[in-house]
Every structure is written in C-alpha cells, then in structure tokens.
Amino acid sequence: DTDIGAVRPYTSVDPHLASAAEMSCTVENGAAAATAQKGWCREYLEKLKGRPSAVRPPVENWGSRLWSALFTFIGITTVGALHFNALESTDLVMIVPTFGASAVLLYNLITAPAAQPRNVVLGQVLSALAGVTVQKIFSAFGDPYAFRCFSSGLAVASAVFLMSLANAAHPPGGAT
C-alpha cells in the first residue's frame, strides 16, 4: 500500500498526547529512514485556527464536564478551607494560584502525564522548594528583591531541573 519514500504520519499511542517530535512525518526509504518535518509551523497554525486536519482533544460529554467542574469545586474549596481556617493566624500559605491550573489538569485532562498524582505532588513540592531556596539564598546576601528578574529565572529553572531529575513534570508547579 505504501510506496518507498512515501510520507506517513507518525503519532504516539494516544494522538492527543503526542509530542512535537512525534507529530513529524517519517520518510520511509528502505533501510535508511530519515525524518522530515511536515511543517511544524503550518501544523501549529492549523491547530490554532481549529482546522479539522489538526489533532484535537476528544470532545467530552456533558456528564464528564459536570463531574470535572464538581471535583474542581470540591478540591479548591477544600484547600481554601484549610488555608483560611487552619493557617489564617500564621504566615503560612496553603492556597496558591497554580492550584487552579493543577485542578484543570487533574479533573479535566486526566490522561495527561502531567496530571498524574505523582507528578502533581512532586512537581508542586519540588518547585516550592526551589523557589523558597532561591529566595532564602538571595535574602542572605541582602535585599531579596534587588535581583528579582534573575532570582525568578533561577527559581523556575531550578524547579524545571528538579522536576526533570524526578521525572515528575507538572507545568503548574513551575509557576509555584
């Protein structure tokens, strides 16, 4: 069916989770297989425009949408209740904006690798550890806000590095 030298799309097992490298095309040429980009920019623009040829996430039914919204409400409300009732008299913070992004992953994109519980917990904890460590280091040398741009970049880069070492990528964690 396929000719030698023909281009066929290559996708992962779940096309909705395919990486950018997997969205490229493979040129079959006998023993030597070379990879040729289909035009990643064109593919990206098709996705942006919502073209039918672009790979899109599956359409959820109303039941799934309602369950996602309900569990998001319960999760964020629980964290908020802990924060405002247990920690209000302290300087500790329990609720951070990135929990909203984590909730989207946890309750709406449940099959995404970044939405797995291990990634969520480790990603948030390692990122918070990186941010606090960088802030403490800069505090030890004077005003921690003097080099905000540098310290922000260092904190996020450290978080990305730690999540990579732990094989626990969680994008909202990088914003923690």
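## Confidence and conventions

pLDDT is the predictor's confidence in each residue, on a scale from 0 to 100, and contact is taken as heavy atoms within 4.5 Å. Over residues 1–36 pLDDT stays under 50, and for this stretch the model has 48 contacts beyond four places in sequence. Where pLDDT is low, the predicted coordinates should not be read in detail. For the chain, the mean pLDDT is 75, with 72% of the residues reaching 70 or more.

The model is predicted, so local features need pLDDT of at least 70 and side-chain atom pairs count only at pLDDT 80 or more, whereas totals for chains, interfaces and linings use all residues. Residues are numbered from 1 along each chain as its sequence is written, and side-chain values use heavy atoms, with hydrogens and water left out.

Helices are DSSP runs (H or I, at least four residues), numbered from the N terminus. Helix α3 spans residues 98–108, and T98, S102, A103 and L105 within it are buried, that is, under 20% relative accessible area with a 1.4 Å probe and protein chains only. These residues lie on the same side of α3 because they cover an arc of only 165° around the axis, the arc being that of the directions from the helix axis to the C-beta atoms. The cover over the buried residues of α3 includes α2 (62–86), α4 (117–140) and α6 (171–175).

## The second largest pocket

A pocket is an open set of points on a 1 Å grid over the protein atoms alone, where a 1.4 Å probe fits, with protein on both sides within 12 Å along at least five of seven lines; lining residues have an atom within 4 Å of a point. The second largest pocket has a volume of about 500 Å³, a volume being the space filled by probe spheres set on the points. Its lining has 25 residues, of which S127, A128, G131, V132 and T176 lie nearest the centre.

Helices α4, α5 (148–165) and α6 each supply at least two residues of this lining, and α4 gives the most, with nine. By class, the lining has 15 nonpolar, nine polar and one charged residues.

H83 belongs to helix α2 and is buried, at a relative accessible area of 13%. Apart from its neighbours within four places in sequence, H83 is in contact with E88, L92, V93, M94 and I95.

P117, in helix α4, counts as exposed at 56% relative accessibility, the cut-off for exposed being over 50%. P117 and H170 are 53 residues apart in sequence, with 9.8 Å between them in space, C-alpha to C-alpha.

Note on methods: Nonpolar A, V, L, I, M, F, W, Y, C, P; charged D, E, K, R; others polar.
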